[in-house]
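Please read the following report alongside the sequence and the three-dimensional structure.

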Amino acid sequence: MLLLSIIWLATVAPGVKLHRNTKATLPTTINTFPSIMDPLEITLGGIKSIEKAKDHFAIEYDSAYSGRLYILNGHTFRYFVSKDDFIDFPEPRNEEDVAKMVLKSVDEYDTVPLEISTVEETEESFIIDAEHIKVYFDKENGTMKVKDKRTDKKVMQEGKPLSFVNNKTIQVLVHHKDEHFFGGGMQNGRFAHKGESIQIVNTNNWIDGGVTSPNPFYWSTYGYGVMRNTWQSGLYDFGSKIDKYVTTTHKEKYFDAFYFISPHPKDILLDYFHLTGRPILLPEYAFYQAHLNAFNRDYWVEVTAGTQGAILYEDGKYYKSYQPKDLGNKTGILESLNGELNNYQFSARAMIDRYVNHDMPLGWFIPNDGYGSGYGQTDSLQGDIQNLKEFAIYARKQGVEVALWTESNLEPKDPENPKKGERDLSREVSEADVVALKCDVAWIGYGYSFGLNAVEKATKIFDSSTKRAARPFIIMVDGWAGTQRYAGIWSGDQSGGEWEYIRFHIPTYIGSGLSGQPVVGSDMDGIYRGGKKEVNIRDYQWKAFTPLQLNMDGWGSVPKTPFTFDNEATYLNRAYLKLKSVLMPYTYSINYESIRGSPMVRAMFLEFPEETPAYTNDSKYQYMWGPNILVAPVYTPDPSSNGIYLPNPQQVWIDFFTGDMYQGGKIYNNFKTPLWKIPVFIKNGAIIPTTEPNNNPSEIKRDSRSFYLYPSGSSNFEVYEDDGISVEYEKGHFAKTKVKMATTESNKNEPDDLYVSIEETKGKYKGMVNERRTLIKIMTSVEPKEVEIMSHGQYIPLKKAESEAEYHAKEDVYFVKDDEIVIPFMQDIAAENLTQKFLLIKLKTIDVTKEKVHLKVTGFENKRKVFGKDNGVNSSLPTPTNFTLHEATPTSLTLSWDEVKEAKYYEIERDGYIFSNIIGKKFSFHGFKYVTEHSFRIRSVNDGESEWSDILSSFTKEDPYKNTLKDVKVSCNFPCQPNQEICKLTDGDANSLWHTHWGTPGKLCPVKGKVMKLNFDLGKVHEVEKMEYLPREDAGNGTFLLIQYRLSSDGQNWTPLSPKIYLKHDAETKTIKLDSAFRYIDVHVLDSVGSFGSGKLVRFYKKI
């Protein structure tokens, strides 16, 4: 064996330096990476030495910078580089903000991981060798790469040295073709970032493309995660500009980041939690719908039925609400919490009564969600708190918990002399037993350190004031790293009644979980507008499989209650809310999983990591609700859904509602979705713990446990439970039950044997019911030969009930029911047959902490026709002819073919993955990148499949914006909302938003001479064909309605103002033909929505 080089290894003790072998080195300012460097950037240069100090590795560079590397555990480290001294925690945005992103300083970590780490030197590198990782530093340019010793894989590598320019720090990492990226916080409308860029900025833009709760944490499927330890905004580019690099930038003078190295996403998220705190464990009531409104501010005026905003009340009259400033000379009835002023039908109590009367689940209630609302009409804070207490007592009698909204300080300025209108959260919690808090932008500010500091303070008040040891539950906007340990996130204030509202929230929820924030929610059918029954129903449907459902009533064009519309809507909304209550044992168990690295709303790849579509936009609009339930929300008015990706060719998926089976490994189209139904699939092999339908946690029957089983192979599930509301689970006061099942093949032509085991429940907590009966429902296709239960080590046959009535009357019996309806509250409205065949088993009451349940089902089978299963080539079935490209756009390809009369449907393989159940002679594929090649082939299906056609390859078209001018500068004579500056209007990013200041200074008023003027500088004179204005997604505040413009080549001499141009009030792109040569253009905004200014983009197109 020829030894090409000799490597010198040294275990270095503290205080001993390793010096680089003497070589010529380049000056630190030389641009050795010209394709991605700014000429003003300062890079680190080569490494002079590494020293193992008491608690870190010290790194000296050729430049004025020095570095530290802290080994926090065997696979997690912190890397800090600066010209100045090391700082333990980054400087907050406000001096008084004391909250920290991380739970402890570096000197609080165990020292053993560092002690067992060593340093090596080779001819080219310094190598820090920790328990599970090796960190390599290139001697010549200072770049870093990391190897995971457990997988023997290089997981991360810098593509250029760290650089510093204009108070920004930039890290560039190598980007691999088979690598995917996730994280960055709540990035509205997005979850997968490969080939994209994301802002780590709180834009307070609550629609698609906005960012309301950023997080400087991202991770790669190559096996690493990074959290930039900063409160400053940033930009992460995952190959959108240079596809071989990932470039992350933050506005800071030093570089500080934590690295988590693991091959498993769950472990990366868990490492992030170890550093920044575990997410809150949602209390049981939080999974039920919440009702939010202001019940202590507005006046209700009797009006006619046709009046806009009129609502029919219990007294048979119509009323409309007015805020005090809008009441004028009208006479109205002031609302209240308790109806104490002869105004009961306008009270918060009456709203709870309506939920009860409609048999509608309701878990918690916020009675003061509105500026200036308060919660009492007495003359003192003490009197108001008493009023709140009386309402809370009434609510809890109905099983409903009470929370509060906040817009102001949580404590009186003078605690000894509190004033009317002030807040005292400590007393609200201790006296009125408030259990949760909703923090709005009026109180959270712009997030970052201020936002985290605010919720940390609120949590401490909850902890010190609660009498029930209730776990603090806070929801907020404007989160950051660390928010998850104190609060869940809701996505902000959007308009309902729009399909778009549902569409962009699906990937938003997925991406939030991948960013370490599993507790996520949004307003039911939005806070504003609304009024479309179908959208309202569809929103209730999919959110039955999400953590939070916030019914933000009182702000839209119609009420937002689940019983706002007709009987059909009320029935369906109730059905899905009831379904969510039935799934509570399953949901609460995955709630527990979420604080251990597995989000409740799971990206498909978390459960199916080997499947390529699970990482891409093919799964953008669906997710796993825990490990066993696949949800594909309906977000269009179409009567059927397309693009439902059912993973794994070896997996069968079961329609939850009908029991129909589908083969995995395909993307299904034309799946019928009548109004009562959304696509929900159970993974064959699933164990689903359930309970009886209920309206709140107080109605759950704790002396009974039940399971829906879908046997296939071997599977297991662990049921988690605790008292549902307190922090005692943190002290180990909880219980777990392991459930397992397995089928064994006795003979290929004979039914299998099925074994089910329910282990003893381990653990205990206050109020736990040990004595429980057990109900098991097993999906089956045949009558079993025998059902046995183990007793004293032997299986004993259970008695077969001859009728369902006998089954219900006895214990330790089984019954095969041919017409079981899994979701019984759907049957009166569903047009489809919902009956399924189930084996029902009822066992006597036992002490579940002392006894196991072992069942054997002899002669079990659950086989039926599986749609989409390949049945082999049918030689008599023709392959479609004339398979060709029908139309190409920059992001889509439409294919067409001749009809095959014998075909029931078609399947098209796109880039190696099959799209099934295609009907007709034409099909479109969307979501492609510009100028990319894709391959297709087609076959017919009917009792088998035809041969595949020849492969058809096609390209998408060029970038439609390739002729737009870049680097256009723009200014405005009105102040901008922070993080929504005017530069957003020409940054080329359709996901960013410009908005003038939300207050009066941001409003135009032409009557008083306040005309909004936007000046655009193209950099030099260009021949310009047209200008495009892209309004905000909802065409809301600031959308231009009336403009004029003038042009100039030198900024001194201007053309006359153009004629007034009226723009239609919608979100469509507006085109203004220019056909002129100029460098400068002034746009005068004469009218706009709300008198503000806003927009996503302005583009200028060169003449070609």
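The report below takes up these topics one after another.

The model is a predicted one, and every value quoted here is computed from it. Two packed helices are described by the angle between their axes and the distance between the axes, and the table sets out these two values for two helix pairs.

| Helix pair | Angle between axes | Distance between axes |
|---|---|---|
| H4 (residues 348-357) and H5 (residues 381-397) | about 10° | 10 Å |
| H10 (residues 533-543) and H11 (residues 567-582) | about 10° | 8 Å |

**Helices H4 and H5**

With an angle of about 10° between them, and because angles under 35 degrees count as roughly parallel, H4 and H5 are roughly parallel to each other. On the H4 side the contact is made by Ala348, Arg349, Ile352 and Asp353, and on the H5 side by Glu390, Phe391, Tyr394 and Ala395. Sorted by class, this contact has five nonpolar and three charged residues, with no polar ones.

How many of the ten residues of H4 are buried? Eight of the ten are, so H4 is largely enclosed by the rest of the structure. The buried residues are Ala348, Arg349, Ala350, Met351, Ile352, Asp353, Arg354 and Tyr355, and they pack against H5 as well as against strand E22 (290-292), strand E27 (364-366) and strand E35 (548-552). Just after H4, Asp359 takes a positive phi of about 55°.

**Helices H10 and H11**

H10 and H11 are likewise described by an angle of about 10°, and they are therefore roughly parallel to each other. From H10, the residues Lys533, Asn536, Ile537, Tyr540, Gln541 and Lys543 meet Glu568, Ala569, Leu572, Asn573, Tyr576, Leu577 and Lys580 of H11. By class, six nonpolar, three polar and four charged residues take part in the contact of H10 with H11.

**A seven-stranded sheet**

Seven strands, in the order E36-E37-E38-E45-E41-E42-E59, form an open sheet with mixed pairing. Strand E36 (601-602) and strand E59 (866-867) stand at the edges with a single partner strand each, so one side of each is left without a neighbour in the sheet. Within the sheet, strand E41 (residues 652-655) pairs with strand E42 (residues 661-663) in the antiparallel sense over three bridges, and Ile654 stands opposite Met661 in E42. Helix H12 (residues 584-594) lies across E36, strand E37 (623-625) and strand E38 (629-631), and runs at about 110° to E37.

**The loop residue Asn1037**

Asn1037 is placed in the loop between strand E69 (1012-1030) and strand E70 (1040-1048). Is Asn1037 buried, partly exposed or exposed? Its relative accessibility is 35%, and Asn1037 therefore counts as partly exposed. Apart from its neighbours within four places in sequence, Asn1037 is in contact with His995, Arg1032, Val1089, Gly1090, Phe1092 and Ser1094. The C-alpha atom of Asn1037 is separated by 9.3 Å from that of Trp998, a residue 39 residues apart from it along the chain.

**Cysteines**

The structure holds zero disulfides. Cys972 is in no disulfide, and the nearest cysteine sulfur to it, that of Cys976, is 5.6 Å away. Cys983 is in no disulfide either, and here too the nearest cysteine sulfur is that of Cys976, at 8.1 Å. Because its relative accessibility is 47%, Cys983 counts as partly exposed.

Terms used. Residues numbered from 1 in each chain as written. Predicted model: local features only at pLDDT ≥ 70, side-chain atom pairs only at ≥ 80, totals over all residues. Heavy atoms only, no water. Helix = DSSP H or I, 4+ residues; strand = E, 2+ residues; numbered from the N terminus. Buried < 20%, exposed > 50% of the residue type's maximum accessible area, 1.4 Å probe, protein only. Contact = heavy atoms within 4.5 Å. Pairing = 2+ DSSP bridges. Axes fitted to C-alpha atoms, helices over the stretch in contact; angles between N-to-C directions. Disulfide = S-S within 2.5 Å. Parallel < 35°, antiparallel > 145°, perpendicular 65-115°, else oblique. Nonpolar A, V, L, I, M, F, W, Y, C, P; charged D, E, K, R; others polar.
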